[in-house]
Amino acid sequence: MSLTELSEQEIVRRNSLQKMKELGIDPYPAAEFPVNVSTLEIKENYSAELNNFQEIALAGRIMSRRIMGKASFAELQDSTGRLQLYVNRDEICPDEDKTLYNEVFKKLLDIGDVVGVKGFAFITQVGELSVHVKELFVLSKSLRPLPIVKEKDGQLFDAVTDPEMRYRQRYVDLIVNPYVKDTFLKRSKIINTMRQFFNEQGYLEVETPILQSIPGGATARPFITHHNALNIPLYLRVANELYLKRLIVGGFDGVYEFAKDFRNEGMDRTHNPEFTVMEIYVAYKDYLWMMNFTEEMVERVAIALHGTTKVQLGEIEIDYQRPFKRVTMYEAIREHTGFEISGKTEEELRDICKQLGIETDKTMGKGKMIDEIFGEKCEHHYIQPTFIIDYPVEMSPLTKKHRSVPGLTERFELMVNGKELANAYSELNDPIDQRERFEDQMKLSEKGDDEAMFIDQDFLRALEYGMPPTSGMGIGIDRLTMFMTNNLSIQDVLFFPQMKPEKPAETSDPDEKFLELGITAEWIEVIRKIGVKKVKDLKEMKAGKFFNDICGFNKKNKLGLDNPSLDEVNKWLS
RNA sequence: GACUCAGUAGCUCAGCUGGUAGAGCACAUCCCUUUUAAGGAUGGGGUCCUGGGUCCGAAUCCCAGCUGGGUCACCA
């Protein structure tokens with residue numbers, strides 16, 4: 001990369017790097033730097049009376065500097081937070097040679113550099129806990145200037161808010177926006193809390209295939225790829241349900257997986273093409289048991305994170321205190337539309353949809369229409385945690401038929417803030433019924449529903465060996481994290497949300513290539529600045545426009561170069 | 001996919017009824033020399049997202065595109 005393509009500040013930093021090397025300082029040392037304390041531990045436990053933390057070593061990134069001559073202050077940020085450093089010239093340079101302070105600390109170090117310090121904790125005259133630095137070590141030189149975010153009394157100044165920068169360069173977001181890290185710490189805690197809850201009951205954490213030859217367990221468009229050695233298409237899983245059930249058939253009483261699933265569909269505030277789901281299957285249980293289990297799990301997560309069941313989400317407060325309200329789907333529709341849909345025929349339902357202003361088409365069966373009515377008219381009303389139970393059989397091809405109500409299944413969804421958070425069934429374990437349901441799905445598929453399920457013959461074979469009665473539950477971890485951390489966009493709970501790839505910056509041909517064409521040295525940079533980086537691009541330029549562009553650039557930027565003649569320019573381009 | 005808003009210095013943003021590109025922070029040089037979103041002085045830094053068009057003249061107006069956000073559609 002040529003220096004002309006770097007910003008002024010980047011050039012300054014590269015020069016500082018070079019000077020450090022000349023002073024015999026390795027800006028990227030290989031050796032371990034033994035840290036014995038974190039900034040948080042000092043902040044939490046320092047006491048002037050005890051006079052503790054008198055021989056400490058800590059490391060982190062320099063986030064600000066206040067140079068005061070022979071005494072300076074800097075803020076060091078490690079993984080636990082920030083702490084002020086006090087750097088005194090004669091402390092870090094006890095001998096005659098003051099280079100480490102005057103040159104290295106004051107001039108060659110920059111905001112963003114990673115350093116290690118040894119010294120002792122103390123309180124400054126203005127009362128701020130600080131580290132009195134006795135020794136300073138450069139651990140990694142930063143060549144790119146960080147955005148400068150300042151903070152006072154919890155208020156941020158000039159915080160980086162540009163979503164593109166925050167999501168593409170999450171590392172920068174994490175460095176400069178302190179609240180971001182907290183979301184991800186909580187995300188980890190949510191998962192750990194759930195895992196601990198499951199392990200306490202003796203359930204087994206398992207892994208199942210992500211590459212599947214039949215993308216089963218949910219009706220969604222899959223990503224497709226190809227395995228070269230087997231010469232077969234493979235799909236990235238849209239769900240792991242059918243594999244977990246195979247394990248129940250195999251004799252495990254409880255299995256669960258935190259799984260990345262992939263769906264090739266639209267992206268928005270609540271959908272990312274890859275997302276995380278926790279699915280759990282427990283033998284000899286039913287969906288009523290699973291409701292209690294789910295409540296307990298969710299309540300436990302809320303308490304683990306916040307110490308209370310009440311969690312703020314945007315303008316509202318969600319209370320995850322057990323028990324959650326339970327409403328059947330038919331009751332929900334009756335309450336929010338006034339229509340009783342129990343026992344209605346397909347034609348009657350179509351008429352109800354029409355009255356409610358819901359568009360229908362020929363491909364929609366009873367189940368799909370009921371689902372539409374619920375989605376349009378009911379779903380958004382359930383802000384506080386609510387179980388919606390007993391779904392129509394057409395929408396639930398993997399769910400056991402209801403024990404007492406024909407046409408329904410033993411299924412619930414947990415709704416929070418008007419969105420589906422978890423989904424659970426008494427699992428269908430009748431292999432003959434399951435085969436028929438798959439065939440019904442195939443018919444829907446032929447009717448035009450391109451999301452109906454593929455038939456997984458091996459899964460049916462497994463059921464034919466006999467699967468114990470089982471209840472399963474899936475919960476969206478990204479969504480749960482959004483609800484639990486008060487983030488309204490899925491992008492804020494994923495470290496690296498999906499983005500369109502950046503166009504790579506075009507690298508420039510070296511000076512020699514331009515010189516070969518007879519272009520004089522002082523014009524090469526001008527040509528690069530107007531966006532022509534390759535000599536081959538010159539061949540395609542019109543001489544007149546090119547002539548105008550470079551002379552205009554010269555004038556506009558007051559470079560004071562003598563313009564070439566049009567003839568000369570013609571020779572360059574020929 | 002549709003509509004809509006935005007893209008100006010390393011960062012946050014102003015300028016946008018067209019007329020020589022600005023501020024704060026950051027950076028550089030200097031002053032001060034135990035400060036704290038430090039202070040003072042001076043200075044450097046810009047393909048105003050890209051490409052067309054209108055015009056004597058475009059960051060500004062028009063068209064197309066790129067990237068991102070929002071809303072809607074799609075999304076068991």
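**Figure 1. Contact between helices α10 and α12 in the predicted model.** In this predicted model, M329, Y330, A332, I333, H336 and T337 of α10 meet I370, I373, F374, K377 and C378 of α12. Sorted by class, this contact contains eight nonpolar, two polar and one charged residues.

**Figure 2. Geometry of the α10 and α12 pair.** Two packed helices are described by the angle between their axes and the distance between the axes. Helix α10 spans residues 329-337 and helix α12 spans residues 366-378; their axes come within 10 Å and cross at roughly 50°. Because of this angle, α10 is oblique to α12. The crossing in which α10 passes α12 is left-handed.

**Figure 3. Packing of helix α8 with helix α14.** Helix α8 comprises residues 241-249, and helix α14 comprises residues 457-465. The two pack at an angle of about 25°, and their axes are 10 Å apart. Angles under 35 degrees count as roughly parallel, and therefore α8 is roughly parallel to α14. As in the pair α10 and α12, the crossing of α8 with α14 is left-handed. On the side of α8, the contact is made by L242, K245, R246 and V249; on the side of α14, it is made by D458, F459, A462 and Y465. The classes represented are five nonpolar, no polar and three charged residues.

**Figure 4. Protein surroundings of RNA strand B.** RNA strand B is surrounded by 50 residues, of which M68, G69, V126, K150 and E164 are the closest. By class, this surface has 22 charged, 16 nonpolar and twelve polar residues. Which parts of the strand face the protein? Of the RNA atoms within 4 Å of the protein, 60% belong to sugar or phosphate, while the rest belong to bases.

**Figure 5. Polar side chains beside RNA strand B, and the elements that form the surface.** An N or O atom in the side chain of Q9 lies 2.9 Å from a base nitrogen of RNA strand B. Q125 instead places a polar side-chain atom 3.1 Å from a sugar or linking oxygen of RNA strand B. The elements that give two or more residues to the surface near the strand include the helices α1 (8-22), α5 (163-168) and α19 (543-556), and also the strands β1 (56-67), β3 (81-88), β6 (150-152) and β19 (419-426). Helix α5 gives the most, with four residues.

Note on methods
Residues are numbered from 1 along each chain as its sequence is written. Chains are lettered from A and ligands numbered from 1 in the order in which they are written. This is a predicted model: local features need pLDDT of at least 70, side-chain atom pairs count only at pLDDT 80 or more; totals for chains, interfaces and linings use all residues. Side-chain values use heavy atoms; hydrogens and water are left out. A residue is near a molecule or strand if one of its heavy atoms lies within 4 Å of it. A polar contact is a pair of N or O atoms within 3.5 Å; within protein, one must be able to donate a hydrogen and the other to accept it, and residues adjacent in sequence count only if both atoms are side-chain atoms. Ala, Val, Leu, Ile, Met, Phe, Trp, Tyr, Cys and Pro count as nonpolar, Asp, Glu, Lys and Arg as charged, and the others, Gly among them, as polar. Axes are lines fitted to C-alpha atoms, for helices over the stretch in contact, and angles run from 0 to 180 degrees between N-to-C directions. Angles under 35 degrees count as roughly parallel, over 145 as roughly antiparallel, 65 to 115 as roughly perpendicular and the rest as oblique. A crossing is left-handed if the near helix is turned anticlockwise from the far one by less than a right angle, and right-handed if clockwise. Contact means heavy atoms within 4.5 Å.
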